[in-house]
Amino acid sequence: MDIGTYAAASSGVLQMRKLEVQNNNLANINTVGFKGQYVIAEPQAFDTTLASTISEQDPFARADQQRVKNVTEVRTQVDFSRGPIQYTGKPLDVAARDAKDFFVVNTPQGPRYTKAGNFTLSAEGQLVTMDGFQVQGDGGAIVAQGGPVSIGNDGSVRVLGQVVGRIQLARIEDTTKLVSEEGARLRLQGGTPAASMGSMETMSLEMSNVSAVSGMVDLITTNRAFDAYTRTAQELDSMNQTAITRVGRRQ
């Protein structure tokens, strides 16, 4: 396969990855606390190509790769800009005001972090996420039984006016260490977050930061780019086949 076909194919793979990420963003546009993602791509270094292993037999390989670099180094980055805060009027809904403050959720895989503050009570009276994971309080689990429950701006949970716990906030300064998992949950790679005394918006939720309009525009643009790279790869393949069939043919 020639360098032009490699370049077209690698760019097509990049557009496919963009389509996956953009579709996931749009699918979670109504997911509370969801953070959109975007794709970052970098040109492939020659030392990581197959051609680099046979460069002595192909003296033109390095020059060709430097002229037209394949795009293979692809990774996703999470957009941690704050989503809109929406008033719900529900006493167990809460939103962290600071963009770098996250709720701590206890899961079987360890602590996870989220902006989704749409909490509820389990059958045992523990404050949990909508999918049943325990919300971490300053002293562990928060148990709220025996009457109406309310949450203060400082995260304090009250039952009949008596404080029974305080929702813990984690301050994560370097958000690049956070990896997106299912829904709006995030995993921290390395390090331990500091406890935060940040305030909260009560009876409110931070919604997804994905814009429906810009998301659809990006999706259409990426679809068109994928089609263009696909046609280019097909045209290059057709040209190669034509050149091969004409080799050695009498004129």
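**Before selecting anything**

The model is predicted, and local features are reported only at pLDDT of at least 70 and side-chain atom pairs only at pLDDT 80 or more, while totals for chains, interfaces and linings use all residues. Residues are numbered from 1 along each chain as its sequence is written, and side-chain values use heavy atoms, with hydrogens and water left out.

**The whole chain**

Colour the protein chain by secondary structure, and the assignment comes to 3 helices and 19 strands, where helices (H or I, at least four residues) and strands (E, at least two) are DSSP runs numbered from the N terminus. Of the 251 residues in the chain, 37% are buried, with buried meaning under 20% relative accessible area, exposed over 50%, and partly exposed in between (1.4 Å probe, protein chains only). The chain exposes about 14,100 Å², of which carbon and sulfur atoms supply 52%; these accessible areas come from the Shrake-Rupley method with a 1.4 Å probe, and for residues only the protein chains shown count as cover. Taking the contacts (heavy atoms within 4.5 Å) between residues at least 6 apart in sequence, 67% join residues at least 24 apart.

**The nonpolar cores**

Next select Val94, Phe103, Phe119, Leu127, Val157 and Ile167, which have the most contacts inside the largest nonpolar core, a set of 16 residues. Strand S4 (94–96), strand S11 (149–151) and strand S12 (156–159) each supply at least two residues of this core. A second, separate core of 10 residues includes Phe80, Phe102, Val104 and Leu186. A nonpolar core is here a set of buried Ala, Val, Leu, Ile, Met, Phe, Trp, Tyr and Cys residues joined through side-chain atoms within 4.5 Å.

Now centre the view on Val157, which lies in strand S12 and counts as buried because its relative accessibility is 1%. Leaving aside its neighbours within four places in sequence, the contacts of Val157 include Leu127, Ile142, Ala144, Val149, Ile151, Val163 and Ile167. Val157 and Leu127 are 30 residues apart in sequence, and their C-alpha atoms are 9.4 Å apart in space.

Select residues 101–107, which form strand S5, a mostly covered strand with 6 of its 7 residues buried. Pairing between two strands requires that DSSP find at least two bridges between them.

- Strand S14 (residues 169–171) runs antiparallel to S5 and is joined to it by 3 bridges, and Asp101 has Arg171 as its bridge partner in S14.
- Strand S6 (residues 110–114) pairs with S5 in the antiparallel sense over 5 bridges; a hairpin through 2 residues joins these strands, and Asn106 is bridged to Pro111 in S6.
- Strand S9 (residues 134–137) also pairs with S5 in the antiparallel sense, over 2 bridges, and Val105 has Val135 as its bridge partner in S9.

Follow S6 onward to strand S16 (residues 185–188), with which S6 pairs in the antiparallel sense over 2 bridges, Thr114 being bridged to Arg185. Strand S15 (residues 178–180) runs antiparallel to S16 and is joined to it by 3 bridges, and Ser180 has Leu186 as its bridge partner there. S15 and S16 form a hairpin with 4 residues between them, and Gly183 in the turn has a positive phi of about 60°.

Then display Gly33, Phe34, Lys35, Ser180, Gly183, Ala184, Arg185 and Leu186, which line the largest cavity.

**Residues in loops**

Asp138 sits in the loop between S9 and strand S10 (140–141) and counts as partly exposed because its relative accessibility is 47%. Not counting residues up to four places away in sequence, Asp138 touches Arg166 and Gln168, while the C-alpha atoms of Asp138 and Ile167, 29 residues apart in sequence, are 6.4 Å apart in space.

Leu160, in the loop between S12 and strand S13 (162–166), has a positive phi of about 55° although it is not a glycine, and Leu160 counts as exposed at 60% relative accessibility. End at Met203, in the loop between strand S18 (200–202) and strand S19 (204–206), where a positive phi of about 50° again occurs in a residue that is not a glycine; Met203 counts as partly exposed at 30% relative accessibility.

Note on methods:
1 Å grid on protein atoms, 1.4 Å probe; cavity = no way out; pocket = protein on both sides within 12 Å on 5 of 7 lines; lining within 4 Å.
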